[in-house]
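Please look over this model before the points below. They run from overall fold to single residues.

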Amino acid sequence: MAENKPFKLAGVMGMPVVQSRSPIIHNHWLKKHGLPGAYGHFPVHIERVEEAIRGLSALGLAGCNITQPHKLVAMKLMDWLHPMAEKIGAINCIVVQPDGSLHGFNNDWYGYIQSLKDARPGWRADAGPITVLGAGGAARAVLFGLVGEGAQEIRLINRTRDKAEALANDFGGRVKVLDWAQRNAALEGCALLANTTNQGMYGQPPLDIALDALPRTALVSDLIYIPLETPLLEAARLRGHQTVNGLGMLLNQAVPAFEAWFGVKPEITPELRQAILATFE
Ligand code: NAP
């Protein structure tokens, strides 16, 4: 019975953050399960992140999601880190414990892998070589997910090669770094292309890449979901590729967070997807 349950608050902390669709997801689930609570946007400037995070417990919040540019700073303020968050080196979710301590999680890797499995049931990370473009925070989560799922060969390509080298060092031989100039040729024989750069996002130019060498059976994924179809995904679709945008990652990473805060494992239903798609119209 909802009346007997305490009202719980959570939200997404970042800057800017108003574009985040996370409130739609969590408020949809709260309503669906009849749980008293709310999830909002927490726009916090980088110089006040520490104050804001330390205040979560005092304010009685269940926790929050953390988005850029706060993912690394927030991690340093945690009392406990999930081993996967520790490996990835960033958190995207804080759960306030009953004693007020802060536990940090990274659910992005899970969200990404699950979004591929939702799009292509039976998808396997070892189906063939994988090209990952980008070496920022999201790339770290994607690589951990792909390697954990058994990927055998990942071609990691970033505009700034040094960052890709540093990232690849954490994975041993399965992640090979190539130059940005090799990104078109690297697609030869690949079963998956993952764009983790911000190129193609609203306000950014399209990702500069030619897909000619990519086998048409390859899955093409873009972590971006604003817009829902980036120029990369449009080009891939027109070549006959199956494509996956970043919405599935966003939805799937929200599942374990909601369960940790509100105590119910929610479902990603067509109704929820429709509620989010409606915000793009
Ligand atoms: P980040 O840490 O700032 O990394 C940005 C990446 O983009 C870096 O690899 C950077 O390369 C590359 N880049 C920037 N400008 C470029 C250019 N002109 N040409 C080529 N590469 C360029 O950001 P992030 O947190 O990893 O996020 C990356 C993307 O993933 C964003 O679009 C974000 O919205 C999306 N994302 C989606 C979800 C989801 O749930 N769907 C979750 C997390 C992130 P350099 O190293 O050379 O600067």
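1. Secondary structure. The protein chain holds 10 helices and 12 strands, where helices (H or I, at least four residues) and strands (E, at least two) are DSSP runs numbered from the N terminus. This is a predicted model, in which local features need pLDDT of at least 70 and side-chain atom pairs count only at pLDDT 80 or more, while totals for chains, interfaces and linings use all residues. Residues are numbered from 1 along each chain as its sequence is written, and side-chain values use heavy atoms, with hydrogens and water left out.

2. Overall dimensions. The radius of gyration of the protein chain is 19 Å, which agrees with the value near 19 Å for a compact globule of 281 residues. That radius is taken over C-alpha atoms, and the globule rule is 2.2 Å times the number of residues to the power 0.38. The C-alpha trace spans about 60 × 35 × 35 Å along its principal axes. Of the 281 residues, 49% are buried. Buried means under 20% relative accessible area, exposed over 50%, and partly exposed in between (1.4 Å probe, protein chains only).

3. Two strands pair if DSSP finds at least two bridges between them. Strand 3 (residues 63-66) and strand 5 (residues 93-96) run antiparallel, with three bridges. Cys64 faces Ile94 of strand 5 across this pairing.

4. Strands 10, 11 and 12. Strand 10 (residues 192-195) pairs with strand 11 in the parallel sense over four bridges. Leu192 stands opposite Leu219 in strand 11. Strand 11 also pairs in the parallel sense with strand 12 (residues 242-244), here over three bridges. Val220 has Thr243 of strand 12 as its bridge partner. From strand 11 the chain passes through helix 8 (residues 231-238) to strand 12, a right-handed β-α-β crossover. Right-handed means that, with the strands pointing away from the viewer, the path from the first strand over the helix to the second runs clockwise.

5. Burial of strand 11. In a regular strand the side chains alternate between the two faces of the sheet. Which residues cover the two faces of strand 11 (residues 219-222)? Leu219 and Ser221 are on one side, Val220 and Asp222 on the other, and all are buried.

6. Cis peptide bonds. Please check two proline sites. The bond from Gln68 to Pro69 is cis, with omega near 5°. Pro69 sits in the loop between strand 3 and helix 3 (71-76). Ile226 and Pro227 are also joined by a cis peptide bond, with omega about 5°. Pro227 belongs to the loop between strand 11 and helix 8.

7. Cysteines. A disulfide is a pair of cysteine sulfur atoms within 2.5 Å. The count by this rule is zero. Cys93 is in no disulfide, and the nearest cysteine sulfur, that of Cys64, is 7.8 Å away. Cys93 is buried, at 1% relative accessibility. Cys190 is buried too, with a relative accessible area of 2%.

8. Aromatic rings. The whole structure has seven aromatic pairs. Rings of Phe, Tyr and Trp (its six-membered ring) pair if their centres lie within 6.5 Å; planes under 30 degrees apart are stacked, over 60 edge-to-face, and the rest tilted. One of these pairs is Phe144 with Phe171: the centres are 4.6 Å apart and the planes at 55°, so the pair is tilted. This pair links distant parts of the chain, 27 residues apart: Phe144 is in helix 6 (residues 137-148), and Phe171 is in the loop between helix 7 (161-168) and strand 9 (175-178). Phe144 is buried at 11% relative accessibility, and Phe171 at 12%. Trp29, Tyr39, Phe258, Trp261 and Phe262 form one aromatic cluster.

9. A charge over a ring. Arg21 lies over the face of Phe280, 4.1 Å from the ring centre. The criterion is NZ of Lys or CZ of Arg within 6 Å of the ring centre and within 35 degrees of the ring normal.

10. Ala141. This residue is in helix 6. Ala141 is buried, with a relative accessible area of 1%. The C-alpha atoms of Ala141 and Val17 are separated by 20 Å, and the two residues are 124 residues apart along the chain.
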